[in-house]
Amino acid sequence: MSESKKGFYIDMKLAQVYILMQMYGETFEIRTALRNGTLFPELYRPFPPQTFQE
Amino acid sequence: MSHHNKDMVDKLKNIMAVDFAVWELSLFLDTHPDERRAIEDHNKYVRLSYQLKNEYESTYGPMRLDSISPYPYKYINSPWPWEIEY
């Protein structure tokens with residue numbers, strides 16, 4: 001790839017990020033939320049992946 | 001102080017869960033101040049939090065520094081968080 005003297009790549013675009021706005025939908029039952037660390041199912045993303053079990 | 005009755009621990013857990021929900025909803029509302037359903041849920045849990053704390057305190061004594069205390073001062077008689085087996 002070729003660089004210009006102005007300091008960017010002529011034939012490629014730099015990365016752009018975008019963040020989706022969260023929407024208000026279903027929420028966990030509050031005791032479950034406390035254990036999961038979030039009230040919002042869409043933000044519950046444990047690693048390694050697992051589902052919460054009471 | 002390691003043995004506390006199930007009712008007390010259960011009430012404490014409920015209060016923690018409700019307060020966590022209030023906290024989560026307040027964070028959501030920071031970026032979504034016009035989300036009416038989130039505000040309604042937030043207010044619902046705030047009311048529930050006050051209600052549950054009043055119920056807890058009427059049975060088990062003051063749990064906050066700004067709680068009304070009977071004589072003698074009772075706050076110190078509450079079990080410390082690390083003494084409770086959840």
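Conventions, quickly. Residues are numbered from 1 along each chain as its sequence is written, and chains are lettered from A, with ligands numbered from 1, in the order in which they are written. As the model is predicted, local features need pLDDT of at least 70 and side-chain atom pairs count only at pLDDT 80 or more, while totals for chains, interfaces and linings use all residues.

Chain A. Its secondary structure is 1 helix and 0 strands. Helices here are DSSP runs of H or I with at least four residues, strands are E runs of at least two, and both are numbered from the N terminus. The C-alpha trace spans about 60 × 25 × 15 Å along its principal axes.

Burial in chain A comes to 9% of the 54 residues. Buried means 20 or more other C-beta atoms within 10 Å of the residue's own; exposed means 12 or fewer; partly exposed is in between; C-beta atoms are placed from the backbone.

Take one residue. Where is A:L43? In the segment after helix 1 (30–36) of chain A. Why is A:L43 called partly exposed? Because it has 13 other C-beta atoms within 10 Å. Its C-alpha atom lies 9.4 Å from that of A:Q22, 21 residues apart along the chain.

Now chain B. We have 2 helices and 0 strands. The trace spans about 45 × 25 × 15 Å. A compact globule of 86 residues would have a radius of gyration near 12 Å; chain B has 15 Å. Of its 86 residues, 12% are buried.

Helix 2 of chain B covers residues 36–60. Its 25 residues should span 36 Å at 1.5 Å a residue, and the end C-alpha atoms are 36 Å apart, so the two agree. The expected span is 1.5 Å times one less than the number of residues. Just after this helix, B:G61 has a positive phi of about 90°.

Last, contacts: two residues touch if their C-beta atoms, placed from the backbone, lie within 7 Å. Within chain B, among contacts between residues at least 6 apart in sequence, 50% join residues at least 24 apart. Between the chains, 8 residues of chain A meet 13 residues of chain B.

Note on methods. The radius of gyration is taken over C-alpha atoms; the globule rule is 2.2 Å times the number of residues to the power 0.38.
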